[in-house]
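Today I wanted to go through the aromatic rings in this one. My notes follow.

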Amino acid sequence: MAEDSDLEKTEQASARRLEQAREEGQVPQSRELSTFLVLITGVSGLWLMGDWIGERVLGMLRHGFRFERAVAFDPQLMLKDFGDLFTQALLTMLPLFGVLMVAAVGAPILLGGFVFSPKALGLKLDRMDPLKGIGRMFSLHGFAEMLKSLLKAAVVGGIGVFAVWREHEHIFALTSEAVESAVPDFLQAVLFSALLIIMGLALLALIDVPFQLWQYHKRLRMTKEEVKREGKEQEGDPHVKGRIRSMQREMARRRMMAEVPKADVVVTNPTHFSVALKYDAQKMGAPVVVAKGRGEIALKIRELAKEHKVPLLEAPPLARALYKHCELEQAVPGALYTAVAEVMAYVYQLNRWMAGGGLPPAVPGKLPVPEDMDPGAPA
């Protein structure tokens, strides 16, 4: 039962899944919304530009029905006259065609956003499979599309029949009117019919848009296994991430060990901690921790220090405090300045003695390490 539930698409599509769908050109679309927006744009354009279009059409009708003997008997003039009328008709309808084109392009963007997907333009041979095509025809989506088409045909057809029946006497009366009054009356009848159709398409769009959004997100649902796999892909395989972290720690350890030979002194707790310090009066305001470690790493730091003749100083409280409160490449905290200053003074005296001889310097005794800085201090 658990395996069956993992294979069921019960989870909402993730942001990554939605983005992948957009890259493939899959966005929610509603033909009813597009039809509604194109039609209402066209009707609005006719309403705003109706007077201008009516005057232009009236002028073309007058010119077209005018009889000129020279044009009637000269094919060249007839073709030229026809070309002029065609150009005028095209220029008259061009603004309306322009706004309709904008509406046709903008309608899909309104619902699904702007998407340009080269993948969607590619040839997909599986769409040419007749068996899959038949399956899509008899699917739930195909059945829903058929119902919508029937409903749209019934609504538009019913509205058309109602409009024609309501205006049939007016339409027949147009044949007896003068052209000047017939054209505006005809445009009004067209606008009234289109307005009724728009109201019907608006109802269809209000039903279709939520359905298309629901179907789109239902189609992109994911199984629990897909959600887990996507999470691993985004966050990375834990084993791979662990291996990367291990490699990063190893590289950091190697860089740290490379700094030990350059240190001025290594402060140790003989059994647990080692901290390497370096100080350059011209570049640093205070000594800096260049390496630190405990256990095997501490032992390795001590071995490298002995190998490269870096002084070692046993000072357990200071070693514990430096290990606890200092990060690599950071200066020692102010509370440890006095103790570290004594250590550095001892190192300078030790280097001078090794170079010139004389009496060896005294090893610092109890260094002034605050008890709250020493994690090993007795409570």
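I'm working from a predicted model, where local features need pLDDT of at least 70, side-chain atom pairs count only at pLDDT 80 or more, and totals for chains, interfaces and linings use all residues. Residues are numbered from 1 along each chain as its sequence is written, and side-chain values use heavy atoms, with hydrogens and water left out.

Started with Phe211: it is partly exposed at 26% relative accessible area (buried is under 20%, exposed over 50%, partly exposed in between; 1.4 Å probe, protein chains only). Trp214 is partly exposed too, at 43%.

Both residues lie in helix α9 (residues 179-219), three residues apart, about one turn of the helix.

How many aromatic pairs does the structure hold? I get two. A pair needs ring centres within 6.5 Å (Phe, Tyr, or the six-membered ring of Trp); planes under 30 degrees apart are stacked, over 60 edge-to-face, the rest tilted.

Phe211 and Trp214 have ring centres 6.1 Å apart and planes at 35 degrees, so I noted the pair as tilted.

Next I looked up Phe273, which is buried at 11%, and Tyr323, which is partly exposed at 23%. Their ring centres are 4.9 Å apart with planes at 45 degrees, so this pair is tilted. It links distant parts of the chain: Phe273 sits in strand β2 (residues 273-278) and Tyr323 in helix α13 (residues 316-325), 50 residues apart.

Last entry: Lys292 lies over the face of Tyr323, 5.0 Å from the ring centre (the rule is NZ of Lys or CZ of Arg within 6 Å of the ring centre and within 35 degrees of the ring normal).

Technical notes:
Helices (H or I, at least four residues) and strands (E, at least two) are DSSP runs, numbered from the N terminus.
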